[in-house]
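Could you walk me through this structure, stop by stop? I have it open in my viewer and would like to know what to select next and what is there.

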Amino acid sequence: MRRGMRKWWSAALVLALAAMLVSACGGSKNGGSSDGGGTQSPATSSSSGSNSGSEAGSSDGSRPTDSPYRDKYDPPVTITTVWGIDPALTFKNGETIENNVATRWALETLGIRIETLWSVTDTNNAFVTKMRLMMASGQQMPDVVTVGDEQLAHDLIDSGLFREVGTLFDAYANEKWKQAMALDPHVWDPYIRNGQRMGIPVLDYAYNHDYLLWIRQDWMDKLGLEAPKTLDDLEKVMEAFKYNNPDGLSPDQVIPLSIGFKNTFNTWMGDPSWVFGAFGTIPEQWNLTSEGTLEWGSIHPGAKQALETLKRWRDKGYIPAEAALWDENKTAEPAVAGVAGIIPGPYWMSGWPLQDTAKNVPHAVWKPYPIPAGPDGKAGRHGTRFTNGVTLISKDAKHPEALFTYQNYLFEHLADPEPGSQWDIGVFKGYDYDLDENGNPVYGDDIPGGAVNINRYWLVRDGARIPDAQMKALLRLADGKEPETRLEKELKNNYGPETPLAAKVLLSQPDISYIDMFSGPPTPTMKERLDYLKKIELQTFSEIIYGQRSIDEFDRFVENWKSSGGDQMTKEVNEWFEQTKVK
Amino acid sequence: MKPDIRRTWPLHLMLLPALAGLIVFNYVPLGGIVMAFMDYKPWLGFDGSPWIGFGHFRALFEREDSLQVIWNTLVISVFKIIFNLLVPFGFAILLNEVRIRLLTRTIQTMVYLPHFLSWVILGGILVNFLSTDGGFVNRVLGAIGIGPIPFLMHGDWFRFTVIVSDVWKEFGYGTIVFLAALANIDPSLYEAAEVDGAGRWKQTLHITIPSLLPMAIVVGTLSLGNILNAGFDQIFNLYNGMVMNKGDIIDTFVYRTAILEGNFGFATAVGLFKSVVSMVLIVCAYRLAYKYANYRVF
């Protein structure tokens, strides 16, 4: 009897376990085949909803009209999409990325229903992973998707699941958007296949990672030094910083120029590439030559002179003794600690990290300076393309033109609103701004329930940005203008004190930025050889600077580079460059 | 006595979920090995991606630096394996001789702690600590007249630093296993030895060390499987242009060429290569352990 009981118990336990297993398997299977969301039943239901929605849309679209484009769709049309949600993004009033103030606005104002196939909190590359899984399992692609990851963008384009968009853009985009896009025609380059534009670049503010020199102004003033115009001037400044330090630091404590090159000679902060720029090249990227072809900057003869300069600076102790070990963030450490005199970095650096210098050295003042020129009067820095990803439109999208209705509206009203216009003081009341009892706008924590970043709710990341709008606003502020437009107020409130001046300094040298002109998918030789070539380059350059190899080894490096696949790679890169010219 | 399936079937049934999990998560993914022989593209899938035979393996061995990279990996990991075996072994014996329990426990906890630090943090600390430009270690060495040593900027010193810092980080963890084995030694052996007039040294030599040897062989055998893992996160955080020749290992190389580029086929091929080598080594080591230490898993 008792024995039987025990048996029953174990049998029941086994059954329970088996049931759990089955349900777990079943659950994951459902999740995998429909949307991968697992437990997200709302997502599942919305995806089925979207199917019916788009079917309804197609019956509308079959009505004969000259152009399907509308400023407002009635009855509404549906765009399906997927979201990688920034983990820092917050929602209020119980809203979600699927259903929030921006999606309701799109439906009411434009007649566009945004349907979410799935969404994922984008930590550890979750969005990219999920997109890759979606692609691998052959699921229906969303009508519209914005992708930041370059490799994924290339893979999605090459998958053939997305349509050509250039003609759509020409037909439907409004003037403001077209003008913004025309600021640099090369923004399309990465997404061109055989002369066809396959993705719409997402525009971002320009010059974000174009650097300048930040110099300790208090040291300059006490030593009575002039702004360095050439590398020779700069050497005198560094010498004075080191041996006549105004803060009384001993020569071995001072780091006159804080740079590092642990992984690369070309990065966004604490970077030595402008020294190469002074000799007419920027290393580790594809520069445009005077013949209109592309060339790997590190094999340019100027690189040899730059290395000689860096070696001299290292021997004299102007750059950190262990610069070969320092990455970007490490170079900021001595700057913030108050022992570095010069650090190259982007225009927004006075906000972060340099603002913290005052905590260690209260009288420290950092000011932006232009990039000094080399002996031949050349100056250069690496330039950044002002795109932040790409928007792709599915081949199966029923209403591709609706995306343009949506984006045109944002470029018209959101990108740089005039004072007094519809979205001048803010976009959604109670979300990014509110009005107090006197009718004055309030922001941030003064909004009941707190502010949320509604710019991340738009269908395309950050809504609409005109690349030069921010720089132009900064220039107006630098000239002492009181902030009037929304953009100007934002900049005044959110950026460091020296940012407007830095923007002015940056734009005083508009032509010295070398943008990496190769932005296509990796070529076959690149896949096999680029890492090796970069490795011998980093090694050779570091060892030359540290005197372990003679400077003449540079010539041997160039020959080695060319014969080890570099020449082949250059050929392929130029073939790619040729085909990006839109037919 | 033969086990009666009619009586034990509930136990077998209860084993099923775990077995299913093992099959689903450990055996089914083995099918992905075919990627090593394909130019795998996620959107083409397994049926659509072109077969390229041993292309990835050829690419791995055709690079000018591939032998160098494999050699670096072997040198670093062999030394790590040896010292990560010897140091905890010796340390456990020494710690066992400390008779004050509180002291033993405290030391054990302290040496165990670094195991929990990530190399991202330790990398930053080591760069400062070992700096030739005012780093703590070089200042101490300077005080006794030894000129600044470029621990992280010279190939041979880099290997030395990587091995020593890894042993420092992990030996506390390894010690635990040996301390557990020490606790299992039959006390009557020591009593008998004392009666026979053996001192502490003789007891260590003839009782403690022979009793620990089987455990040392087990640990050594298991760690042989890692012979091609020289410690990605450690090296990745510390290496630089000056030590590429002697510091670049298979994993950092794969990270740069395959993971960053989304080249799954190549990453799989290298992973397969590493697994095959590890398996051969483990099988050999197991045979040896079986023969000489009578150690067996099955």
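## Stop 1: a sheet of strands

Start by selecting β8(A) and strand β11 (residues 340-346) of chain A: the two run parallel and are joined by two bridges. Within this pair, look for L257(A), which stands opposite I342(A) in β11(A). Please keep in mind throughout the tour that this is a predicted model.

Now widen your selection. β8 and β11 belong to an open sheet of four strands in chain A, with the order β8-β11-β7-β12 and mixed pairing. At the edges you will find β8 (255-257) and β12 (366-369) of chain A, each of which pairs on one side only. Turn the view and follow the twist, which averages 35° from one strand to the next.

Helix α12 lies across β8, β11 and β12 of chain A and runs at about 135° to β11(A).

Next, go to the loop between β11 and α13 (357-360) of chain A, where P353(A) is found. Zoom in on the link between W352(A) and P353(A): the peptide bond there is cis, with omega at about 0°.

## Stop 2: an exposed loop and two helices

From W352(A), jump to E226(A). These two residues are 126 apart in sequence, and their C-alpha atoms are 26 Å apart in space. E226(A) sits in the loop between α8 (217-223) and α9 of chain A. Is E226(A) buried or exposed? Its relative accessible area is 67%, so E226(A) is exposed. Leaving aside residues up to four places away in sequence, E226(A) touches M220(A) and V237(A).

Follow the chain into helix α9 (residues 231-243) of chain A and select helix α11 (residues 301-315) of chain A as well. Their axes are 12 Å apart, and the helices pack at an angle of about 10°. α9(A) and α11(A) are therefore roughly parallel to each other. To see what makes the contact, show the side chains of L231(A), L234(A), E235(A) and M238(A) of α9(A), together with T309(A), R312(A) and W313(A) of α11(A). Colour the residues of this contact between α9(A) and α11(A) by class and you will get four nonpolar, one polar and two charged.

## Stop 3: strand, helix, strand

Select β1(A), α3(A) and β2(A) together: they make a right-handed β-α-β unit. Strand β1 (residues 77-85) of chain A and β2(A) pair in the parallel sense over nine bridges.

How many of the ten residues of strand β2 (residues 112-121) of chain A are buried? Eight are, so β2(A) is largely enclosed by the rest of the structure.

A cis peptide bond joins D74(A) to P75(A), with omega at about 0°.

Then look at the loop between β1 and α3 of chain A, which holds N93(A). N93(A) is not a glycine, yet its phi is positive, at about 55°. With 60% relative accessibility, N93(A) counts as exposed.

## Stop 4

Where they meet, show W105(A), A106(A), T109(A) and L110(A) in α3(A) and T405(A), Y406(A), Y409(A) and L410(A) in α14(A). The contact of α3(A) with α14(A) has six nonpolar residues, two polar ones and no charged ones.

## Stop 5

Move on to D462(A), in the loop between β16 (441-442) and α15 of chain A. D462(A) has a positive phi, near 65°, in a residue other than glycine. Its 9% relative accessibility means that D462(A) counts as buried.

Finally, select helix α16 (residues 486-494) of chain A, where R486(A), L487(A), E488(A) and L491(A) are buried. The buried residues of α16(A) pack against α15 (469-478) of chain A.

Now zoom out to the whole chain. Chain A has 19 helices and 17 strands, and 55% of its 583 residues count as buried.

Terms used: Residues numbered from 1 in each chain as written. Chains lettered and ligands numbered in written order. Predicted model: local features only at pLDDT ≥ 70, side-chain atom pairs only at ≥ 80, totals over all residues. Heavy atoms only, no water. Contact = heavy atoms within 4.5 Å. Nonpolar A, V, L, I, M, F, W, Y, C, P; charged D, E, K, R; others polar. Buried < 20%, exposed > 50% of the residue type's maximum accessible area, 1.4 Å probe, protein only. Pairing = 2+ DSSP bridges. Right-handed = clockwise from strand over helix to strand, strands pointing away. Axes fitted to C-alpha atoms, helices over the stretch in contact; angles between N-to-C directions. Parallel < 35°, antiparallel > 145°, perpendicular 65-115°, else oblique.
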